[in-house]
Amino acid sequence: MKRTLLALLILAIASPVLAQEEPAHGAGASGETMPGHPPVAAGHGGGGGRTPFDAPPVANATPSAAVPPGTIRVIVSDVDGRPIEGATVLLGTMQQGGDRDRVSALTAADGTHRWGDLPTGTSQAYRVNVPFEGATYSSTPFQLPTDRGYDVRVVRLPVTHDDRTLLQLIGQTFVEVRDERLHVIQQAQLANMSQTPQTYVFPEGGLRVRLPEGFTAFQTQPVMTDQRVEQIADFGMRIQGSLPPGRVTLTWAYDLPITGRDMAVEFPVPFRTYIYRVITDAPPGMELEAENLPEVQSFEDSGRPLFGTEVQRRPGDAPFESFTLRFTNIPGPGPLRWIAVAVAVLIALGGAYGAARGGSPDRVAKESRERRKQELLEEAAQLERDLERGEIGPQYRQSRHDAIVRELAVLLHQEQSPRAS
């Protein structure tokens, strides 16, 4: 595993779309397909040479001078371009103020439906959806210009529930070691590898994925496509929706309480996988072992110590259904917790003193926070002046600067608390 792969992973975690090395046609180095999934698509609508990675969009919205202003024309066809009569089409409207509306209609014999006399301009956006047997084909949101209408063309593909068409091109897990918890970020770049153009539909009720026991603070990054990642309390999560030919990257995150100096955490891998990567923080003294993955290596990225490992699957490999990370000598809580306690006590004492003098405790606490923030900001500015004059060294400046940032973070958190006034 090279350092460039480490940088790619960190970059990919911050990006909604991965742009990394890919297996040609979902194959390994030998040209064979991954074990268990059917042959990949060779074309789309009769065209040859297509791979699943450059699949054309199944819904395309473009302005058209052939369509009158204030009008949206929807054209629904099958994969061979034949119009589909009686297809359900939904028009969603999103107002600038947040209000939403949706109307439905059926296509005529020529596969079209028109909505006219619609508001133009930037005060609202539109989106066309075509549901079909558990799949939903959606255009990107658009606004109607004042001088022309919009054409929305949707290719309604047949659907499949065969999960052998689904391949995880790149799976990734990143673990940050924070005070009293592990913050886990996971990504799955999924591809629909069906032999003929079909849309994969996740199982009814969603694909259920068990997360490590005790997970909290679940969150996910929404996507504009037809996939939804939702939490299942006390279990994990589910993935719902559908995936037409092509690929999508799903991202979710959660926290795991640190239960001791040593921890073993098992992570499921719910998809057939080509590449899987793991990166974790590597604080001083901590060690990491990875079960079902190659030996962990140590790296640095911009001065940040990290552990990393990566596996690339080959035809004939045993199923890769989970991996376990064993953390040893996890560091205890940092100073932030004690700073938070000290700041809270000082502000509480200030509020009690103010109340004794006839002031409102909430108001006095708020004023105390504002005064302390101003003091910290002034001290930070003074540090820079002292450093410039040579009165302090860079190490002292950095140490004190970090302490100021931590205390400011605590104060800002307290301001956002429901109890703060």
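Phe267, Tyr276, Phe320 and Phe323 come together as one aromatic cluster. Rings here are those of Phe, Tyr and Trp (its six-membered ring), and they pair if their centres lie within 6.5 Å; planes under 30 degrees apart count as stacked, over 60 as edge-to-face and the rest as tilted. The model is a predicted one, so to speak of local features takes a pLDDT of at least 70 and side-chain atom pairs count only at pLDDT 80 or more, while totals for chains, interfaces and linings use all residues. Residues are numbered from 1 along each chain as its sequence is written, and side-chain values use heavy atoms, with hydrogens and water left out.

Now for the overall picture. The protein has four helices and 25 strands; helices (H or I, at least four residues) and strands (E, at least two) are DSSP runs, numbered from the N terminus. Of its 421 residues, 47% count as buried, where buried means under 20% relative accessible area, exposed over 50%, and partly exposed in between (1.4 Å probe, protein chains only). Among contacts with a separation of 6 or more, 73% come from residues 24 or more positions apart; a contact means heavy atoms within 4.5 Å. The protein exposes about 21400 Å², and carbon and sulfur atoms supply 51% of that area, as worked out by the Shrake-Rupley method with a 1.4 Å probe (for residues, only the protein chains shown count as cover).

Back to the rings. A search of the whole structure turns up eight aromatic pairs. In one of them, Tyr126 and Phe142 have ring centres 6.3 Å apart and planes at 40°, so this pair is tilted. The pair ties together distant parts of the chain, 16 residues apart: Tyr126 sits in strand β8 (residues 124–132), and Phe142 in the loop between β9 (135–138) and β10 (149–155). Tyr126 and Phe142 are both buried. For Phe267 and Phe323, the ring centres are 5.2 Å apart and the planes at 20°, so that pair is stacked. Here too distant parts of the chain are linked, with Phe267 in strand β20 (residues 263–268) and Phe323 in strand β25 (residues 322–328), 56 residues apart. Both of these Phe residues are buried as well.

Charged side chains also show up over rings. Arg156 lies over the face of Phe132, at 3.9 Å from the ring centre, and the charged end of Arg208 sits over the ring of Phe235, 4.3 Å from its centre. The test is NZ of Lys or CZ of Arg within 6 Å of the ring centre and within 35 degrees of the ring normal.

Strands β20 and β25 turn up again in an open, antiparallel sheet of three strands, ordered β20-β25-β22. Two strands pair if DSSP finds at least two bridges between them. At the edges stand β20 and β22 (287–291), each with a single partner strand, so one side of each has no neighbour in the sheet. The twist averages 20° from one strand to the next, with angles running from 0 to 180 degrees between N-to-C directions and axes being lines fitted to C-alpha atoms (for helices, over the stretch in contact). Five bridges join β22 to β25, and Glu287 has Thr328 of β25 as its bridge partner.

Another open sheet has four strands in the order β3-β10-β4-β7, with mixed pairing. Its edges are β3 (59–64) and β7 (112–115), each with a single partner strand, so one side of each is left without a neighbour in the sheet. In this sheet the twist averages 15° from one strand to the next. Strand β4 (residues 72–77) pairs with β7 in the antiparallel sense over four bridges, and Ile75 has Thr112 in β7 as its bridge partner.
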